[in-house]
Amino acid sequence: MNKAEKLVIQEFAALFRSCAVCYWPESDMRRRMEIHHLVGGAGRKHDRRNLLTLCNNCHTVLHSGSYLTGLPDLNKGIL
(Lines give C-alpha, C1' and ligand atoms only; values in the text may rest on other atoms or scores of the structure.)
Protein backbone atom coordinates (compact mmCIF):
# COMPACT_ATOMS: atom_id res chain seq x y z
CA MET A 1 0.00 0.00 0.00
CA ASN A 2 1.43 3.36 -0.96
CA LYS A 3 1.26 6.67 0.97
CA ALA A 4 -1.75 7.97 -0.96
CA GLU A 5 -3.74 4.80 -0.23
CA LYS A 6 -2.81 4.95 3.46
CA LEU A 7 -3.96 8.56 3.58
CA VAL A 8 -7.34 7.66 2.03
CA ILE A 9 -7.89 4.96 4.66
CA GLN A 10 -6.78 7.23 7.53
CA GLU A 11 -9.10 10.03 6.37
CA PHE A 12 -11.99 7.58 6.01
CA ALA A 13 -11.39 6.18 9.50
CA ALA A 14 -11.34 9.71 10.94
CA LEU A 15 -14.73 10.52 9.35
CA PHE A 16 -16.60 7.30 10.10
CA ARG A 17 -16.10 6.47 13.78
CA SER A 18 -18.83 3.91 14.39
CA CYS A 19 -19.73 0.50 13.02
CA ALA A 20 -21.87 0.67 9.88
CA VAL A 21 -23.85 -2.40 11.01
CA CYS A 22 -24.39 -2.20 14.79
CA TYR A 23 -23.44 1.49 15.28
CA TRP A 24 -20.94 0.64 18.04
CA PRO A 25 -19.08 3.91 18.73
CA GLU A 26 -15.32 4.13 18.43
CA SER A 27 -15.29 5.89 21.80
CA ASP A 28 -16.32 2.63 23.52
CA MET A 29 -12.94 0.93 23.64
CA ARG A 30 -14.33 -2.59 24.26
CA ARG A 31 -14.34 -3.12 20.49
CA ARG A 32 -11.98 -1.79 17.89
CA MET A 33 -12.95 -0.31 14.56
CA GLU A 34 -11.66 -1.96 11.39
CA ILE A 35 -11.83 -0.90 7.77
CA HIS A 36 -13.52 -3.39 5.44
CA HIS A 37 -13.14 -3.34 1.65
CA LEU A 38 -16.50 -3.94 -0.04
CA VAL A 39 -14.73 -5.30 -3.12
CA GLY A 40 -11.74 -7.24 -1.86
CA GLY A 41 -9.09 -9.46 -3.32
CA ALA A 42 -5.73 -8.79 -4.86
CA GLY A 43 -7.00 -5.94 -7.05
CA ARG A 44 -8.93 -4.16 -4.30
CA LYS A 45 -9.09 -0.41 -4.41
CA HIS A 46 -8.33 1.83 -1.46
CA ASP A 47 -11.01 4.27 -2.57
CA ARG A 48 -13.42 5.66 0.02
CA ARG A 49 -16.37 4.37 -2.06
CA ASN A 50 -15.01 0.85 -1.48
CA LEU A 51 -14.56 1.19 2.30
CA LEU A 52 -16.76 0.51 5.29
CA THR A 53 -16.06 0.91 9.01
CA LEU A 54 -17.01 -2.17 11.05
CA CYS A 55 -16.39 -3.10 14.66
CA ASN A 56 -14.24 -6.19 15.09
CA ASN A 57 -17.31 -8.31 15.98
CA CYS A 58 -19.27 -7.42 12.84
CA HIS A 59 -16.14 -7.75 10.70
CA THR A 60 -15.53 -11.26 12.06
CA VAL A 61 -19.15 -12.28 11.42
CA LEU A 62 -18.98 -10.96 7.86
CA HIS A 63 -15.81 -12.84 6.96
CA SER A 64 -16.40 -16.07 8.84
CA GLY A 65 -20.15 -16.44 8.62
CA SER A 66 -20.15 -17.18 12.35
CA TYR A 67 -22.99 -16.13 14.58
CA LEU A 68 -22.70 -13.67 17.46
CA THR A 69 -25.60 -12.96 19.79
CA GLY A 70 -27.41 -9.75 18.99
CA LEU A 71 -25.98 -9.32 15.51
CA PRO A 72 -27.83 -9.92 12.27
CA ASP A 73 -26.62 -12.49 9.76
CA LEU A 74 -24.22 -10.55 7.58
CA ASN A 75 -23.29 -10.96 3.95
CA LYS A 76 -22.00 -8.64 1.27
CA GLY A 77 -25.51 -8.22 -0.14
CA ILE A 78 -26.66 -6.68 3.14
CA LEU A 79 -23.73 -4.27 3.19
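Which residues does E34 touch, not counting residues up to four places away in sequence? In this predicted model, E34 touches L52, T53, L54, N56 and H59, where a contact means heavy atoms within 4.5 Å. The model is a prediction in which local features need pLDDT of at least 70 and side-chain atom pairs count only at pLDDT 80 or more, while totals for chains, interfaces and linings use all residues. Residues are numbered from 1 along each chain as its sequence is written, and side-chain values use heavy atoms, with hydrogens and water left out.

The protein contains two helices and two strands, and from the N terminus on these elements follow the order α-β-β-α. Helices (H or I, at least four residues) and strands (E, at least two) are DSSP runs, numbered from the N terminus. Of the 79 residues in the protein, 32% are buried; buried means under 20% relative accessible area, exposed means over 50%, and partly exposed lies in between, with a 1.4 Å probe and protein chains only. The protein exposes about 5500 Å², of which carbon and sulfur atoms supply 54%, the areas coming from the Shrake-Rupley method with a 1.4 Å probe, and for residues only the protein chains shown count as cover. Among the contacts with a separation of 6 or more, 43% are made by residues 24 or more positions apart.

Strands β1 and β2 pair in the antiparallel sense over five bridges, pairing being assigned if DSSP finds at least two bridges between two strands. Within this pairing, H37 stands opposite L51 in β2. Because four of its five residues are buried, β1 is largely enclosed by the rest of the structure. E34 lies in β1 and is itself buried, with a relative accessible area of 18%. The side chain of E34 makes a polar contact of 2.5 Å with the side chain of H59, and a polar contact of 2.8 Å joins the side chains of E34 and R32. A polar contact is a pair of N or O atoms within 3.5 Å; within protein, one must be able to donate a hydrogen and the other to accept it, and residues adjacent in sequence count only if both atoms are side-chain atoms.

H59 is also one of the buried residues of helix α2 (residues 56–64), which are N56, C58, H59, V61 and L62. These buried residues of α2 pack against β1 (33–37) and β2 (51–55). The largest nonpolar core has nine residues in all, namely C19, V21, W24, M33, L52, L54, C55, C58 and L62; such a core is a set of buried Ala, Val, Leu, Ile, Met, Phe, Trp, Tyr and Cys residues joined through side-chain atoms within 4.5 Å. The elements that give two or more residues to this core are β2 and α2, and β2 gives the most, with three residues.

The structure holds zero disulfides, a disulfide being a pair of cysteine sulfur atoms within 2.5 Å.

In the loop between α1 (3–15) and β1 lies Y23, which has a positive phi of about 65° although it is not a glycine. Y23 counts as exposed, at 60% relative accessibility.
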